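Let's take a walk through this model together, starting with a sheet and ending in a loop. Keep the viewer open as you read.

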Amino acid sequence: MKRFAELLDRLAYEPARNAKLRLMTEYFRSTADPERGWALAALTGALSFAHAKPGLIRNLIAECTDPVLFGLSYDYVGDLSETVALLWPSPLARRTPSPLAGEGWGGGAGGEAQASTGAERASPVFADLTTPTPTPSPQGGGEQRADGELKLSTVVETLTTLGKAQLPRQLAHWLDALDETGRWALIKLVTGGLRVGVSARLAKTAVAALGGKEAQEIELMWPGRAPPYIELFAWLEGRAEKPAGGDPAPFRPPMLAQALDEPDLAALDPADFLAEWKWDGIRVQAVAAPSPHAPDQPPPLPPPQAGEGKSMNPPPPAGERKSMNPPPRAGEGGVGARRLYSRTGEDISKSFPDLIAALHLPGAIDGELLIKRGGLVQSFNVLQQRLNRKTVTPKLTADFPAHLRAYDLLADGDEDLRGLPFAARRTRLQDFVARLDDERVDLSPLVAFSTWDDLIAARQNPAAAGAGPDAAAVEGVMLKRREAAYLPGRPKGPWWKWKRDPFIIDTVLMYAQRGHGKRSSYYSDYTFSVWTKGESGDELVPVGKAYFGFTDEELVQIDRYVRRNTIERFGPVREVVHEPDRGLVLEVAFEGLQRSTRHKSGVAMRFPRINRLRWDKPPGEADRLERLETLIAQIDQARAP
Amino acid sequence: MRPEDILVLTPAGLCCKHGDFHIDPTRPVQRALITHAHADHARAGHGAVLATAATLDLMRLRYGDTFAGTTQAVRYGERLTLDGATVTFHPAGHVLGSAQIAVEAGGLRIVASGDYKNVADPTCDPTCAPFELVPCDVFITEATFALPVFRHGDPRGEIGKLLHSVALFPERAHLVGAYSLGKAQRVIALIRRAGYAAPIYLHGAMASITHYYQSRGIALGELRPVRGAGKTELAGTITLCPPSALADIWTRRFPDPVTAFASGWMRVRARARQQGVMLPLVISDHADWDGLTATVAATGASDIWVTHGQEDALVYWCGTRGLKARPLDIVGYGDEDEGLDGETQASSSRQRQAEDDDGGEES
């Protein structure tokens, strides 16, 4: 538990992805089974316990601390779990005689003053633990004292079987055995959600590195595995064969496109390419496994539970995998496991049961997840209302019906199509979608063109070039080489994306924050604002934040400007001078705009970045909020069904 | 005689009327007794200064030879009579030369402890004499970490964290923010005791004080200035710098730096995060909650005066123990040695602003 706590502690502070990977890989390398396996389970979100509520934690601390001192401490620290982790008195101190029952600070360096007289007065918590009771901790919760240290495996195994009534006492017992960091980690583990900036995918990448493997290989075999993953580690360390079994519905690393601009077209031959629309949704992979020997009869979809899906994609414990698959349609027993993956390989099936239900032919479709209502594709703004929901209710799926627009076919039944040329895969895809015959899945149409001028015109006016009423959901065109196989990663040459022009506004730099890692000394995150009418004339209102889009040289220039023009500091944030005639104008590019109640300005931008530094422009000439509101109105109007 | 007749709070700080002197005055006075050389306690411009030899040397290093009209060095335990009062200096375990000052008059003994640290194991700080308990009637205590959430633990564990990180990231530089007087030298000494023998690099601002520590026989191993070292040379090394430098453009000379901060404040996550610290090291030169309460009790004092920090909690705790306690509002303490980057401390922010604006280069 101590090493696991130290790992979490370090991960929580480390901003860089590569450094997080190194920390985890090193932990897996130097920690024995089964501890590391339980740690991997915790990091991949494969553990869930009957969650302890904050109220339970609060009661525990109330039993063994002075309320005034607790209040002062909580005020200072600001976080309940952390306050408890720090404040938890050591059992030694609590056994010290004290004029206050259940309270016994001290016993530090000036030892004699606090010397125990031997007339030990136990705190209520301790008394509970030492008094023989008919229900001792199951799973030998006290065993950790045998070898001096509480083990993560002991915690996990005990929690799995512990009844709710026994939880407080067991928890208090463990808190006694741990130090501050250990207590903090334990409370995080028990109350659910480590929140140390590690995705399941990242943890798998780290464990893969242990054996010099790619995360993909772990991902493929993951569904068959269960914590504490003894055989997985044995294989990664070269002590055993690769564990048998694999995912019948695996994620396949997607092929990505390079960005392209109009001048690049001159070097390409239009006859070599097919073009299609780039849809403004989220890129997904929809996979249905071929039918296993015995027809798959999964239980019906369980009702969604609170707390699930908070990150949109919590990988469920291996044993629960099947439960996400809805029953096959009557008369069709032809598929096994069905899954929907995000572009990064996270399993997002739970968030889209309606789309999962449509995958009743074995195969793997690469496509775009969209919301389609009344036959019309909705804007990304509408899709966002479906994403990141804690629970997927029937109302949500009815109001925001998920739709898959198919770009490519990676597998048809058992057959891997990725080696075929794109043109051939496209033919197979047309056939597959036709056989699937489900209104929730359709084919992304090709864009007809014979010259680059045709394509330029189509990109400028998708509605007239075949996208019709869905044109507002088009965010550019894709060019795919007819002869190209489906290659993982972002190879240069076979696929090009040519996005539509971004929206551009002039804003005023208002706040700057220091970055992390290599940018830790630079003010590299910028909050920018536009003018609006305030109570006493025009004032600036923040409309967004951006932390990229500028060159290294521009970063140095902005950093210098921020340092020289600071008017106020708030921790790592500086307020920068912003008056009509003094300040820095930032030209910001963004992809979309929507209304937002979370922002004072009432608008939120999608994918904002610094496009240009306008040293030449006085802040007084920057854009106004009214311009953004007009833009929203135009977007909404264009995309209304 | 009442304690208030011996020591009174004046605008300049604590004043002993019998002996006609101030203790750690915050503005220039005729006669000053100084507990230790941190800038919030030791200021320049007094007429006469009485302090330990190390404290006087450190003040001289910081302020120049003319920092006071006259100076007099005092040994720990030496009894001096200043008019109607007797004073003795006792080790405070805070930084090199730090002292508690005991003032006796009319049969009462008051101990002004300045800043102090009482650790169970004196090897936790090889850089100064360990805290000595002085029984007294009135104990004047700091309260920097006077909340039960502050328990500092064994600093050697924190040093282990640092060295583990250095081993894990051999291509990155490790920057340890530490206060220039005391903390930096203690961290270096602890790193050496943990068996790390490679050269340790120093920010220019801490060179002279660190060299003074070495001249007093404190083994710190090979130290090199950062200035002049190339980026490649700094990979895999440890550098000590003032905390404010962690966020400074000065850090750009290091390869992908890991920023650490050695301070008692690092116990609280939000505090560490506000600083953008990646590797918080809980190492403090102040007593933690257990240390404060144990010391207060052990002095036998029945009257406790609480200076800078979290006075409320400590005053409350004294009440639960039947001890008379009151906060002593001395404006100006707590600015230097454990302050957070100056950004939460109004009084020092102007100075940092100045450092920052001239490019933040090494002094």
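The paragraphs below go through chain B and then turn to a residue of chain A.

A word on conventions: this is a predicted model, in which local features need pLDDT of at least 70 and side-chain atom pairs count only at pLDDT 80 or more, while totals for chains, interfaces and linings use all residues. Residues are numbered from 1 along each chain as its sequence is written, with chains lettered from A and ligands numbered from 1 in the order in which they are written.

Chain B has 10 helices and 19 strands; helices (H or I, at least four residues) and strands (E, at least two) are DSSP runs, numbered from the N terminus. Among contacts in chain B with a separation of 6 or more, 62% come from residues 24 or more positions apart; a contact needs C-beta atoms, placed from the backbone, within 7 Å.

Now find the open sheet of 7 strands in chain B, ordered S7-S8-S9-S10-S11-S18-S19 with mixed pairing. Two strands pair if DSSP finds at least two bridges between them. At the edges, pairing on one side only, are S7 (80–82) and S19 (324–327) of chain B. From one strand to the next, the twist averages 25°. Axes here are lines fitted to C-alpha atoms, for helices over the stretch in contact, and angles run from 0 to 180 degrees between N-to-C directions.

Within this sheet, S11 (residues 138–143) and S18 (residues 303–309) of chain B run parallel, joined by 5 bridges. B:Thr141 faces B:Val306 of S18(B). Helix H9 (residues 311–320) of chain B packs on the sheet, where it touches S11, S18 and S19 of chain B, and its direction makes about 170° with that of S19(B).

Why is helix H8 (residues 289–298) of chain B largely enclosed by the rest of the structure? Because 10 of its 10 residues are buried, B:Trp289 and B:Asp290 among them. Their cover includes S11, S18 and H9 of chain B. Just after H8(B), B:Gly300 adopts a positive phi of about 75°.

Finally, visit A:Ala358, in the loop between helix H15 (353–356) and strand S5 (363–373) of chain A. A:Ala358 is buried, because 21 other C-beta atoms lie within 10 Å. Beyond its neighbours within four places in sequence, A:Ala358 contacts A:Asp438, A:Arg440 and A:Val441.

Methods
Two residues are in contact if their C-beta atoms, placed from the backbone, lie within 7 Å. A residue is buried if 20 or more other C-beta atoms lie within 10 Å of its own, exposed if 12 or fewer, and partly exposed in between; C-beta atoms are placed from the backbone.
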